[in-house]
Structure formats: C-alpha cells, structure tokens
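Q: I am new to this structure. Please show me how to read its features one at a time.

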Amino acid sequence: MTSPTAAPIRRSERVSVILDRLADGGTVDVGEVAAELGVSPATIRRDLALLDEQNLLTRTHGGAVARDVAYELPVRYRDSQSRAQKQAIARAALRTLPCGPYVVAVNGGTTTSEVARLLASRTELTVVTNALNIASVLVNRPRVKLVVTGGVARSNSYELVGPWAEGTVGRINIGTAFIGIDGISASGGLSTHDEVEAHINAVMIRRAGRVVVVADGSKVGRSLLAHVSAVSAIDELVTDASADRRELAAIAAHGVKVTLADAAGR
C-alpha cells in the first residue's frame with residue numbers, strides 16, 4: 001500500500017500499466033493491478049470502464065481482456081511514458097538547430113511535444129505544426145510565429161490530417177522537420193498506425209531541407225500498417241540507449257546519422 005504522503009498515481013500512468021499488461025499477457029486482473037499500483041479496486045474498475053468505452057479492451061468479471069485488433073494508445077495516456085528519455089531526445093535533437101530566422105515543422109507525438117516545449121524559448125523562429133497539443137504549447141509565445149494547418153482532427157494523436165493539412169504544408173518551405181513516428185526500421189522505413197496520418201507526415205518530410213526523426217528506443221525496429229517513407233529520406237534519428245543496436249547499425253548504413261541521448265541530455 002502507498003503511504004498517506006505518497007503522490008497519487010495519475011490515470012495516464014494507471015492506463016499505461018493496464019495496457020502494457022494486456023499487450024504482454026492478454027488479460028488483467030482488477031485485484032492484482034490495484035495492489036501493484038496501491039489504489040482501490042474501484043479505481044481500476046473505473047479505468048477499465050473508460051478503456052472499454054474507447055474500444056481499447058473488453059471488460060470481464062474481475063478484469064479485462066485485450067481486443068482482437070491492435071490499438072493505438074491515445075496521446076493523453078502516452079504522455080507520461082519514458083518522459084525522461086523523451087526530454088533527453090528533444091534536447092539532443094535541437095542542438096544543431098541554427099540561430100536566427102528559421103522555419104521548422106513539428107508533427108504530433110509525445111516526443112515532439114518535448115521538442116515544442118524547447119522551441120518555445122527560441123526567437124525568430126516560425127513553427128509549422130498539424131498537432132493541436134503542440135500548437136497549445138506555442139500559441140502564447142509572442143517571439144515564435146506559429147502556423148497551424150487546417151484539417152480533420154484525430155482524437156488519438158491530436159493531429160490535423162487530410163487534404164487541408166497536406167495543402168498547407170505543401171506550400172511551405174521548411175528548414176528542419178522534427179518527425180515523431182510510431183515505428184522505424186531499416187527495411188520498413190518510417191511507419192505509423194493511421195494511413196491518413198502517414199500522408200501528412202510524408203508531405204512534411206518532402207518539404208523539409210533536413211529531417212530529424214525523434215523516437216524513443218521502443219519505436220526502433222517496429223514496422224506498422226501505414227508506410228510514411230524510406231529511412232533514406234531522413235537525415236538523423238535521435239533516440240535513446242534502449243534502442244536495438246543492430247537495427248540502429250542497419251539504419252545508419254542507409255546514410256542516416258544516429259544520435260543516442262541519455263537522461264542527462266548528452
């Protein structure tokens with residue numbers, strides 16, 4: 001049990017544990033998860049009810065089972081996962097960004113959100129994004145010019161997608177694009193869960209003079225449904241030390257600079 005002074009476990013953290021359990025074993029037990037997290041069974045049952053409503057699992061007596069289809073965890077639940085690694089990746093990714101007037105593009109994702117928080121302190125910068133959560137980080141920064149695409153919002157990623165978004169990005173000259181991705185491998189290239197989201201990411205990559213993929217180690221070696229681009233279309237991959245070293249070597253063989261960031265941002 002947690003002590004009376006312990007910080008409460010946030011719902012996003014509880015949901016991450018639940019969905020990780022489902023991915024590993026296919027089932028979760030209310031009592032076991034409640035004991036592990038130091039919360040009441042009623043709290044876990046409410047979490048399961050919420051996830052059931054979002055079609056992320058199926059409730060059973062005393063727990064839940066995974067659905068037959070693979071799910072994309074909504075960004076509001078992914079935000080707390082591997083936070084230190086994502087912050088280190090963002091710091092490393094921005095080290096080579098030039099000073100002075102410059103245009104960058106940032107797509108949606110939890111690692112790119114950390115990039116956006118660092119961009120907020122810059123001046124003479126224009127930031128193009130199709131992500132509503134990233135726009136909210138930058139909108140009150142008067143020294144950063146913010147350009148938000150139109151499009152249809154995806155609730156899982158907070159990204160604006162479709163022809164309106166692609167049309168806006170397709171008319172902008174981008175210096176550097178910071179791209180968050182769900183999977184990257186030497187053979188499968190960059191990939192994501194949603195084919196419409198893949199289209200806007202591909203347009204952003206094509207319009208950029210330099211492309212930097214920011215992805216924690218769990219994304220390296222994965223190949224998902226929707227192809228975005230070949231790895232040869234990017235200039236640099238910034239990830240962390242948990243990434244598979246053989247896969248990183250294979251990616252580097254395609255001419256991609258591979259940068260590993262640690263928790264201290266070195």
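A: Start with burial. Buried means under 20% relative accessible area, exposed over 50%, and partly exposed in between, with a 1.4 Å probe and protein chains only. In the protein chain, 51% of the 266 residues are buried. This is a predicted model: local features need pLDDT of at least 70 and side-chain atom pairs count only at pLDDT 80 or more, while totals for chains, interfaces and linings use all residues. Residues are numbered from 1 along each chain as its sequence is written, and side-chain values use heavy atoms, with hydrogens and water left out.

Q: How many helices and strands does the protein chain have?

A: Helices (H or I, at least four residues) and strands (E, at least two) are DSSP runs, numbered from the N terminus. The protein chain has ten helices and 15 strands.

Q: What is the order of the open sheet of three strands?

A: Two strands pair if DSSP finds at least two bridges between them. The order in this open sheet is 1-3-2, and the pairing is antiparallel. Strand 1 (27-29) and strand 2 (58-60) are the edge strands, each pairing on one side only. Strand 1 is joined to strand 3 (residues 63-65) by three bridges, and aspartate 29 stands opposite glycine 63 in strand 3.

Q: Which strands does helix 3 touch?

A: Contact means heavy atoms within 4.5 Å. Axes are lines fitted to C-alpha atoms, for helices over the stretch in contact, and angles run from 0 to 180 degrees between N-to-C directions. Helix 3 (residues 41-53) packs on the sheet and touches strand 1, strand 2 and strand 3, with its direction at about 140 degrees to that of strand 2. Helix 2 (residues 30-37) lies across strand 1 and strand 3, at about 65 degrees to strand 1.

Q: Is glycine 31 buried or partly exposed?

A: Glycine 31, which lies in helix 2, counts as partly exposed because its relative accessibility is 41%. From glycine 31 to glycine 63 there are 32 residues in sequence and 8.2 Å in space, C-alpha to C-alpha.

Q: Which residues have the most contacts inside the largest nonpolar core?

A: A nonpolar core is a set of buried Ala, Val, Leu, Ile, Met, Phe, Trp, Tyr and Cys residues joined through side-chain atoms within 4.5 Å. The largest one has 33 residues, and those with the most contacts inside it are Ile174, Ile179, Ile181, Ile184, Leu190, Val213 and Leu237. Helix 9 gives the most to this core, with six residues. A second, separate core of 25 residues includes Ala90, Tyr102, Val104 and Val238.
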